[in-house]
Amino acid sequence: MLTVTFFAILALALAFYLVGRSRAVSVVGGEVHQLHSRPNFHGTLAMMLSAICGILALLVIGTAWGAYIERSLLADIMAAQPDLTPIEAELVLSDAHALASGGIASRSDALRIAMAEQVTSKGALHQWGTIAVSLGLTVLAGLWAIAKIAPEWRARNRSETIVRRVLMLTAIIAVLTTVGIVMSLIFETINFFDNIDWQIHKFLFGTTWSPLSGVQAGKLDPDKVGAIPLFAGTLMITVIAMLVAVPIGLLSAIYLSDFASARVRAWAKPMLELLAGIPTVVYGFFAAITLAPFIRNSGEAIGLTIASESALAAGIVMGIMIIPFISSLSDDVINAVPQSLRDGSYGLGATKGETIRQVVLPAALPGIVSAVLLGVSRAVGETMIVVMAAGQGANLTANPLEAVTTVTVQIVMLITGDTEASTAAGPAFTLGFTLFCVTLLMNIAAQRVVHKYRELYD
Amino acid sequence: MSKNIKISAKNVDVFYGDTHAIKGVDVEIEDKSVTAFIGPSGCGKSTFLRCINRMNDTIDICRVTGDILLEGEDIYAKSIDPVQLRARVGMVFQKPNPFPKSIYDNVAYGPTIHGLAKNKAELDEIVEQSLRRAAIWDEVKDRLHQPGTGLSGGQQQRLCIGRAIATAPEVLLMDEPCSALDPIATAQVEELIDELRASYTVVIVTHSMQQAARVSQKTAFFHLGNVVEYGDTDKIFTNPEDSRTESYITGRIG
Ligand SMILES: Nc1ncnc2c1ncn2[C@@H]1O[C@H](COP(=O)(O)OP(=O)(O)OP(=O)(O)O)[C@@H](O)[C@H]1O
Ligand SMILES: [Mg+2]
């Protein structure tokens, strides 16, 4: 019903657009140039005003009134049976809702049936009231805008102001969401630190990670929340991945942009970009099922013992996943280096190699650095591949042939495990927050580098 | 006054895809002299100039036919390495294109890759000499290690001239080297060209009749991809044979 109202408001707004536009024309008897704003701005203003008023009314009245009804019904229930606990009262109310809509309730006693009647009557009033008020406001706002139409009426400026406000609102929503997420991370992190008695150093520098094994009465054991093994695992896998991805990605970008013929480029580049479209879960089982056994078997052949889940397998596959990001972005920036620079170098008798190494790559460096950074942040945040191929045990080792675990894997384990959410959330959020800080710092540092470089050569 | 022929082009045609940009051009460029190419915009001066050091190789759609001989050797022959050719035949481009490196490194680039300097002191010397000859030393001597891209357009152009002469080519191709320069810098560059003539062969494209008349010994007038007239500069400017040449230099076509 409310959806129908929403579309009715839109239809009304559209009608006001048409009316406003033709009214603007008729106000000046067809001499459109006498208007301050062109007719469609008058129409647009009427449309926007009516739509905004109607939709706001729908949202505000719909939710506020609804919440008010729920509250008063709860109060009624508590008044009728004062011995009910709040949760039982809510159960009665939800049963009443179910009965009112003809659904199945847990019980149907006199109170519930009485409440169901209340729900029905108040609900109907609420519904029709909301519809009437919001449609009424739509019409009023539209009529007001149309009544205002006059040659000097600055409809264009007003509608531009409205558009600007709406754009600002969306930007604010985006920023506030981010802030909200960060705030909740911080909040949970503080909770967690409180839980381990503010022994933050034990989290940051401890080497034993087994948070859920030390839980006593909801309290974590500070000696078992050392995050070092996780960050070490993340670091190792990221390094392996970048060792695979950066050389291959960069060299293939150089090949594509400066050596490949147009025909090779035409199919090689889409092929590379296709790699970027493969879901990471596919890479994950490729790593776990194909590459890891292969590495183990070839290790055995030369007398090495390699765990069936190893940092090496996960890192290599993650590197393969990152290749297209680096190669595609680097190819774009290398291509953006003007041909005139290459010509200048060739004109001095430089070879292709010298030109690329000494002119093209330095000119493209800021872009290449950001491509690599993007790759690093993908690697740090990647979860699926490591869940499947790197192992779960928090194992502090420098040997890439052993199983390691990463920050993201541990977050997954904590959240999907069957420990109570309130206990598991603390370490998970804290890991998330720390990871966020690390990537943020890394990004800032890289921005600095790029900026310094830009200053030198722009 | 008979001079050696440094570059000899015979029946050269250039195509950009289907565009026929140069049509059967024959030109003989004398050693240790300045040759000017003049002609209206789009007539193919730059295109022909780029043929002489095979810069057109870098354009996929460009096709060159005919013979261009440098000291009797066909530069389009299989045995010729375009990289070596371009070290002998340097080029200053129509648009200044300094590398995103320091001023010093811009000039040192050519000498370094060709191993012209045995040590840092020699390299410093080459850089200074080249910048002096390009009439920009005084302006940049205190900021040699700042980026070349931070110079003004005219300074960039002189930097590019300095960069080209630092490589010590035998032939220097200059595509409108003074188009972004003020009269003082123009006079300095013209002086440089005059001085270069003693040891190098210079080919210059210019839109300024006065400049062509001042600096060159020979002038070629290009029109719609053809060389309409080629001969001694004095003769072209005082007594042209072709009516189109006359119209152009007196300003009636352009
Ligand atoms: N890279 C290219 N691709 C296709 N056509 C080109 C290219 N470069 C030049 N041309 C064409 O070749 C013709 C000659 O161009 P060119 O640059 O040699 O003229 P120009 O005489 O140097 O002119 P200007 O005095 O304006 O520099 C023009 O018609 C131009 O459109
Ligand atoms: Mg040109």
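## A helical stretch in chain A

Over residues 301-326 of chain A, 65% of the chain is helix and 0% is strand, with the end C-alpha atoms 34 Å apart. Helices here are DSSP runs of H or I with at least four residues, strands are E runs of at least two, and both are numbered from the N terminus. This is a predicted model, where local features need pLDDT of at least 70 and side-chain atom pairs count only at pLDDT 80 or more, while totals for chains, interfaces and linings use all residues. Residues are numbered from 1 along each chain as its sequence is written, chains are lettered from A and ligands numbered from 1 in written order, and side-chain values use heavy atoms, leaving out hydrogens and water.

UniProt (unreviewed entry) lists 301-326 as a "transmembrane region", and 230-254 is another one of its entries for chain A. Residues 230-254 of chain A come out as 100% helix and 0% strand, with end C-alpha atoms 35 Å apart. UniProt positions follow the numbering used here, feature names are shortened, and annotations may be inferred rather than shown by experiment.

## Domains of chain A

Chain A splits into domain 1 (2-168) and domain 2 (222-457), with bounds from an automatic or database domain assignment. Their C-alpha centres lie 50 Å apart.

The unreviewed UniProt entry also puts "domain: ABC transmembrane type-1" at residues 231-446 of chain A. That span is 81% helix and 0% strand, and its end C-alpha atoms sit 20 Å apart.

## The magnesium site in chain B

B:Ser46 (OG) and B:Gln94 (OE1) coordinate the magnesium ion (ligand 2) at 1.8 to 2.3 Å. B:Ser46 belongs to helix α1 (residues 45-52), and B:Gln94, 48 residues away, to the loop between β6 (89-92) and α3 (103-113) of chain B. Donors are N, O and S atoms within 2.8 Å of the metal (3.2 Å for Na, K and Ca); water is not among the atoms, so sites may look incomplete.
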